[in-house]
Amino acid sequence: MKQIKHEPSVAVCPGSFDPVTYGHLDIVTRAAEVFDKVIVAVLNNTSKQPLFTVQERVDLLKEVTKDIPNVEVDHFDDLLINYMTEKNAHVIVKGLRAVSDFEYELQMASVNRKLNEEIETFFMMSSNQYSYLSSSVVKQIARFGGPVNDLVPESVEQALRAKYSEM
Ligand code: PNS
């Protein structure tokens with residue numbers, strides 16, 4: 001019989017978070033109700049051209065998750081699997097918005113499982129009101145001065161406004 005582990009459950013929500021949206025916050029909040037600790041890990045992704053620096057993204061995430069005691073915010077620049085091992089975390093939590101997310105996420109989960117079969121990927125369905133929401137959509141709207149107050153927390157809205165007025 002398989003031994004049940006009683007160590008605290010640590011999950012990682014990895015992503016670019018450029019910037020964090022209400023869609024991300026929905027998944028992080030719900031994950032924090034299921035796992036003892038949730039680490040929101042920002043990838044320092046050199047292949048994308050991010051709008052916000054890693055430090056800015058981390059600071060925004062810290063601000064918007066400050067009332068959830070079992071959430072930590074961190075960043076990494078490595079294979080996710082290596083980062084998970086370093087943090088002694090066994091579960092990757094990802095949000096799924098639509099069927100279009102599925103193929104990419106299936107590939108990522110399969111690669112990660114191939115790299116380390118002790119690490120599981122758990123998927124949570126996005127809440128319906130956020131099923132269309134992404135950081136890219138938010139940036140497109142904010143860039144042209146459109147309203148994003150229903151899509152991101154106020155601190156993120158302000159940061160977007162400041163960033164685009166700098167440009
Ligand atoms: O928010 P994103 O950009 O969809 O997040 C993608 C992320 C960060 C989860 C993914 O790119 C990732 O895990 N990158 C780290 C490198 C890695 O481990 N890749 C998987 C094996 S190819």
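Mentor: Arg113 has its place in helix H4, which spans residues 99-115. The model is a predicted one. In sequence, Arg113 and Ile81 are 32 residues apart, yet in space their C-alpha atoms are 8.8 Å apart.

Next comes the ligand. There are 14 residues around the ligand, and those that come nearest are Gly15, Ser16, Lys48, Leu79 and Leu80. Two of these can be followed down to single atoms. From Ser16, a polar side-chain atom lies 2.5 Å from an oxygen atom of the ligand. From Leu80, it is a backbone N or O atom that lies 2.7 Å from an oxygen atom of the ligand. The ligand exposes 550 Å² when taken alone, and 75% of that is buried by the protein.

Helix H5 is the last stop. H5 runs over residues 135-143, and its buried residues are Ser135, Val138, Lys139 and Ala142. They lie on the same side of H5, because the arc they cover around the axis is only 100 degrees. Among the elements that cover these buried residues are helix H1 (22-34) and helix H6 (154-166). Just after H5 comes Gly145, with a positive phi of about 75 degrees.

Methods: Residues numbered from 1 in each chain as written. Predicted model: local features only at pLDDT ≥ 70, side-chain atom pairs only at ≥ 80, totals over all residues. Heavy atoms only, no water. Buried < 20%, exposed > 50% of the residue type's maximum accessible area, 1.4 Å probe, protein only. Helix = DSSP H or I, 4+ residues; strand = E, 2+ residues; numbered from the N terminus. Arc of directions from axis to C-beta. Contact = heavy atoms within 4.5 Å. Near = heavy atom within 4 Å. Polar contact = N/O pair within 3.5 Å; in protein donor to acceptor, adjacent residues only side chain to side chain. Areas by Shrake-Rupley, 256 points an atom, 1.4 Å probe, with all protein chains shown as cover.
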